[in-house]
Amino acid sequence: QNQRRRLHIVFLPFPAHGHISPMADVARLLSSSHGIKATVITTPLNVPLISQPPNDVVLHIKTIDLPYAEAGLPQGCETLTSLTLDLCDAFQRATIMLQGPFEIVADMLFPWVPRSAAKFGNIPTIVFYASSVFSLCASECMRLYRPYDDVSTDSEVFVVPGLPGEIRMMRMEVEDFVAKSEEPEFRSFIEEAKEFCVRSYGLVVNSFYELEHHYFDFYRNVLGNKAWHIGPVSLCKRDKEEASMEEHECLKWLDTKKPNSVIYVCFGSMSSVPESQLGEIAMGLEASGQQFIWVVRKTKKEEEQEEWLLPSGFEERTQGKGLIIRGWAPQVLILEHEAIGAFVTHCGWNSMLEAVSGGVPMITWPGYADQFYNEKLVTQVLRIGVPVGAKKWSRFEKDDVKWDAIEKAVKRIMEGEEAEEMRNRTKMLAQKAKEGMEIGGSSCSDLNALIQDLTMSCC
Ligand code: UDP
């Protein structure tokens, strides 16, 4: 076609902070630097999760209401801090009912999108994959080779067949939907999402080549699918992160600390650790003697009782040494602060990438889904993290992490030669992340390749 039209890309993120925020960043990146029209579609209640610089005219945001009543969902349910299993099915039904008004959309958790896009002709559907490409490759090898069938116990270690890097895992760490038949609704939801990734036109990943190059090569050359690495997108944005009023206080507090001397503890946007773990974390941090910032979210019981269950006297004893943030922390700004020496993380992909970008090594405490894979990337492949020895969150109470394991992991990541080596490796990766986003860098080039590919196939 002689006349080239302006490319219009529509983004449909799953309504959770870890999806909306990076997808909006990608949308803004595309429209601000490449003259593309980018529209993010979400529900009115989720608009505040899109951080927008004042007077931003670059990003278009369209809102659409979920058909709550028709789908049997409680009003406003899409702002849940975690989508519970019983709501999952109804939620999917509600999003499917939205098919009519859309032309093109994409989040791996909305696998109905290609059917909708097909109605409007040859519109390619690209999946925004909200985790590491390593996790997708590992999950695919699990599905193909089922190595967990050949072990006799949940805790027997096996090497993931087919996957580069001799990655060691246990059956109890494999996603439930792969290894077990329980929770059939959730299983088919995730299975369809993974299938959608592989069947789509290609995958956009918030990652950079130098971080996972074996796995980008594997995904493209062995599994034979298209993928573009365009991150870390958190590096190219946010004048100011949305934050609670502690922002000022906690950054000022960090300014008074020596470089690499404070541990940051946070379990993501949706998860709060079970109550039984709060005491162990407190004891482990105290025993380690290290300084810390700990983001504490209310557990279900606490929400009901309107109280925060930290061990008695803990805050008084650690005054000056530790800072508790109740609610939302300015995580990106915290991880970029030079006083931060390590990060205790639930292994959500955005959190891990933000830690890498800030040059901060990690203590890994995964709970479910892709988080165990992300842990293996950081501890076994990149060697910039120490595992705390966490079991699946569904096994909590039974398999709690004890305070002395936390103390040990904290000491290992903060003190001595091994800690120094991990820190150096992470700082090198942080440098590579920045270079990748600059003109001519690996992520910048892949973004250009993505736009070229889309322009060729659409305009
Ligand atoms: N986050 C934050 N403050 C908090 C908790 C989380 O800014 O107190 C942000 C964090 O920076 C990250 C996102 O929320 O960008 C969490 O995404 P991730 O993929 O790590 O985990 P999820 O919450 O999706 O499990």
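Predicted model: local features only at pLDDT ≥ 70, side-chain atom pairs only at ≥ 80, totals over all residues.

Residues are numbered from 1 along each chain as its sequence is written. Helices (H or I, at least four residues) and strands (E, at least two) are DSSP runs, numbered from the N terminus.

**First stop: the sheet E1-E2-E3**

Select residues 8-11, which form strand E1, and residues 60-63, which form strand E3. Together they make an open sheet of three strands in the order E1-E2-E3, with parallel pairing; two strands pair if DSSP finds at least two bridges between them. E1 and E3 are the edge strands, and each has a single partner, so one side of each is left without a neighbour in the sheet. Neighbouring strands are turned by 25° against each other on average, direction ignored. Axes here are lines fitted to C-alpha atoms, for helices over the stretch in contact, and angles run from 0 to 180 degrees between N-to-C directions.

Display Val-10 to find Thr-39 of E2 standing opposite. Next select residues 17-34: this is helix H1, which lies across E1 and E2 and runs at about 160° to E2.

**Second stop: the ligand shell**

Select the ligand and the 19 residues around it, of which Gly-18, Gly-268, Ser-269, Gly-348 and Ser-351 come nearest. A residue counts as near if its C-beta atom, placed from the backbone, lies within 6 Å of the molecule. H1, helix H13 (331-336) and helix H14 (349-357) each supply at least two residues of this shell. Which helix gives the most to the shell? H14 does, with four residues. Coloured by class, the shell shows eight nonpolar, nine polar and two charged residues. Here Ala, Val, Leu, Ile, Met, Phe, Trp, Tyr, Cys and Pro count as nonpolar, Asp, Glu, Lys and Arg as charged, and the others, Gly among them, as polar.

Select residues 126-129 (strand E4) and 227-229 (strand E8), together with residues 202-205 (strand E7). This is an open sheet of three strands, ordered E4-E7-E8 and paired in parallel. E4 and E8 stand at its edges with a single partner strand each, so one side of each has no neighbour in the sheet. From one strand to the next, the twist averages 25°. Four bridges connect E4 and E7, and Tyr-129 has Val-205 of E7 as its bridge partner.

Select residues 133-145 (helix H5) and 371-381 (helix H15), whose axes come within 9 Å and cross at roughly 115°. H5 is therefore roughly perpendicular to H15, a label that covers angles of 65 to 115 degrees. The contact joins Phe-134, Ser-135, Ala-138 and Ser-139 of H5 to Tyr-373, Asn-374 and Leu-377 of H15; residues are in contact if their C-beta atoms, placed from the backbone, lie within 7 Å. Four of these residues are nonpolar, three are polar and none is charged.

Move to residues 403-414 (helix H16) and 416-437 (helix H17), where the axes come within 6 Å and cross at roughly 65°. These two helices are therefore also roughly perpendicular to each other. Arg-412, Ile-413 and Met-414 of H16 meet Glu-418, Ala-419 and Met-422 of H17. This contact has four nonpolar, no polar and two charged residues.

**Last stop: two backbone details**

Zoom in on Gly-231 and Pro-232, which are joined by a cis peptide bond with omega about 0°. Pro-232 lies in the loop between E8 and helix H9 (246-255). Finally, select Asn-260, in the loop between H9 and strand E9 (262-266). Its phi is near 55°, a positive value in a residue other than glycine.

Key
Contact = placed C-beta atoms within 7 Å. Parallel < 35°, antiparallel > 145°, perpendicular 65-115°, else oblique.
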